[in-house]
Amino acid sequence: MPSPKAKNNAGRSPNRTPSPHLLQRQGSDPTSARLRASESPTRRRGSGSASASATGPQQQLPEEDCMRLNPSFAGIALRSLLAIDLWMSKRLGVCAEEDSSWGSVRPLMKLIEISGHGIPWIAGTLYCMWKSDSAAGQEIMLNLLLALLLDVVLVGIVKALVRRRRPSHNRMDMFATFSVDRYSFPSGHATRAAMGARFLLTHLVLAAPVRVLVLLWAVLVGLSRVMLGRHNVTDVAFGFFMGYFQYSLVEALWVSTASLQKLLGVLG
Ligand SMILES: CC(C)=CCC/C(C)=C/COP(=O)(O)O
């Protein structure tokens with residue numbers, strides 16, 4: 001009879017080496033033991049009782065083992081989504097290399113990449129803040145600056161938590177990255193594009209064609225991430241989603257120049 005410890009260990013790891021009892025019951029081939037373990041619960045239950053009558057009730061697999069070998073619907077759906085994501089991302093990564101099928105547009109895609117990078121955005125915001133001659137303009141630029149810094153921090157945190165590797169077809173030749181940027185979920189360019197576009201469309205008075213251009217730019221930034229092979233589709237989709245809500249957070253935490261002056265007065 002197996003000791004309780006041996007039984008527990010059997011329940012913990014689905015890839016364990018089958019116990020001598022299992023091998024005895026299922027034949028001495030470990031592969032056949034593994035194959036049987038992956039059979040449907042109904043069949044296993046049936047064969048379990050058959051063998052129980054042959055070798056005794058103590059031979060039945062623990063209940064938790066059965067659960068482990070039956071992935072939930074959500075698990076299957078997630079795995080399928082990820083498989084589709086990888087397949088689509090690989091197919092859309094048409095500028096991942098110079099000799100890829102759309103390799104000739106790689107320089108243009110890299111230009112779009114730079115237009116969504118944090119450094120030009122932060123530098124441009126600081127410049128506009130410095131050049132702005134109205135308190136209202138300075139307040140808007142200050143909040144855009146804070147939004148961009150918040151974005152870098154939040155994206156860094158999610159990337160460090162999720163740790164999803166960039167697609168294998170990506171060439172890591174990106175301009176100015178942090179170490180956490182070796183991870184791909186979510187796309188920082190996509191969060192910045194969604195948040196930045198929402199910010200500009202809300203706070204700047206722009207003519208209708210320029211508003212369309214801003215939206216088009218945001219979409220192109222997202223598309224270029226996948227075409228360059230930097231990201232999977234889900235990294236970009238989640239990045240857009242996250243950037244959209246980051247903007248709502250920035251609105252909720254809006255810093256007025258008056259409150260900033262008060263804060264600087266307290267600090268100074
Ligand atoms: C250096 C600064 C200020 C920001 C880093 C910008 C960057 C390299 C983000 C990574 O973007 P993806 O996740 O889309 O590749």
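In this predicted model, the buried residues of helix α9 are covered by elements that include α8 (118-131), α10 (188-203), α12 (233-252) and α13 (257-267). The buried set in α9 consists of Glu 139, Ile 140, Met 141, Asn 143, Leu 144, Ala 147, Leu 148, Asp 151, Val 155, Val 158 and Lys 159. The helix itself runs over residues 135-162. Its 28 residues reach 40 Å from the first C-alpha to the last, close to the 40 Å expected at 1.5 Å a residue.

Now step back to the whole chain. The protein has 13 helices and zero strands. From the N terminus on, the order is therefore simply α-α-α-α-α-α-α-α-α-α-α-α-α. Of the 268 residues, 24% count as buried.

The largest nonpolar core has 26 residues. Those with the most contacts inside this core are Leu 144, Ala 147, Ala 190, Ala 193 and Ala 194. Two or more residues each come from α7 (106-115), α9, α10, α11 (208-227) and α12. The most come from α10, which gives six.

Take Ala 193 as a way into the packing. Leaving aside neighbours within four places in sequence, Ala 193 is in contact with Gly 116, Ala 218, Val 221, Gly 222 and Gly 243. Ala 218, Val 221 and Gly 222 are among the buried residues of α11.

Ala 197 is found in helix α10. Why does Ala 197 count as buried? Ala 197 has 22 other C-beta atoms within 10 Å, and the cut-off for buried is 20 or more. Beyond its neighbours within four places in sequence, Ala 197 is in contact with Val 214, Leu 215 and Ala 218. Ala 135 is 62 residues away from Ala 197 along the chain, and their C-alpha atoms are separated by 22 Å.

Helix α11 can be checked for length. Its 20 residues should span 28 Å at 1.5 Å a residue. The end C-alpha atoms are 28 Å apart, so the two values agree. The buried residues of α11 are Ala 218, Val 221, Gly 222, Ser 224, Arg 225, Val 226 and Met 227. They pack against α6 (73-92), α7, α10 and α12. After α11 comes Gly 229, with a positive phi near 80°.

Arg 163 counts as exposed because 12 other C-beta atoms lie within 10 Å, and the exposed class takes 12 or fewer. Ala 176 is in the loop between α9 and α10 too. Ala 176 is not a glycine, yet has a positive phi of about 40°. With 9 C-beta neighbours inside 10 Å, Ala 176 is therefore exposed. Pro 186 also lies in the loop between α9 and α10. A cis peptide bond joins Phe 185 to Pro 186, with omega about 0°. Why do such features deserve a note? Most residues other than glycine have a negative phi, and most peptide bonds are trans.

Now turn to the ligand. Around the ligand there are 15 residues, and Gly 118, Thr 177, Ser 187, Gly 188 and His 189 come nearest. The elements giving two or more residues to this shell are α8 and α10. The largest share, three residues, is from α8. By class, the shell has six nonpolar, six polar and three charged residues.

Finally, the annotations. An unreviewed UniProt entry lists residues 139-251 as "domain: Phosphatidic acid phosphatase type 2/haloperoxidase". In the model, that span is 70% helix and 0% strand, and its end C-alpha atoms are 12 Å apart. The unreviewed UniProt entry also places the feature "transmembrane region" at residues 140-162, 199-224 and 236-255. Residues 140-162 are 100% helix and 0% strand, with end C-alpha atoms 32 Å apart. Residues 236-255 are 85% helix and 0% strand, and their end C-alpha atoms lie 29 Å apart.

Methods. Residues numbered from 1 in each chain as written. Predicted model: local features only at pLDDT ≥ 70, side-chain atom pairs only at ≥ 80, totals over all residues. Helix = DSSP H or I, 4+ residues; strand = E, 2+ residues; numbered from the N terminus. Expected span 1.5 Å × (residues − 1). Contact = placed C-beta atoms within 7 Å. Near = placed C-beta within 6 Å. Nonpolar A, V, L, I, M, F, W, Y, C, P; charged D, E, K, R; others polar. Core = buried A, V, L, I, M, F, W, Y, C linked by C-beta atoms within 7 Å. UniProt positions renumbered as here; feature names shortened; annotations may be inferred.
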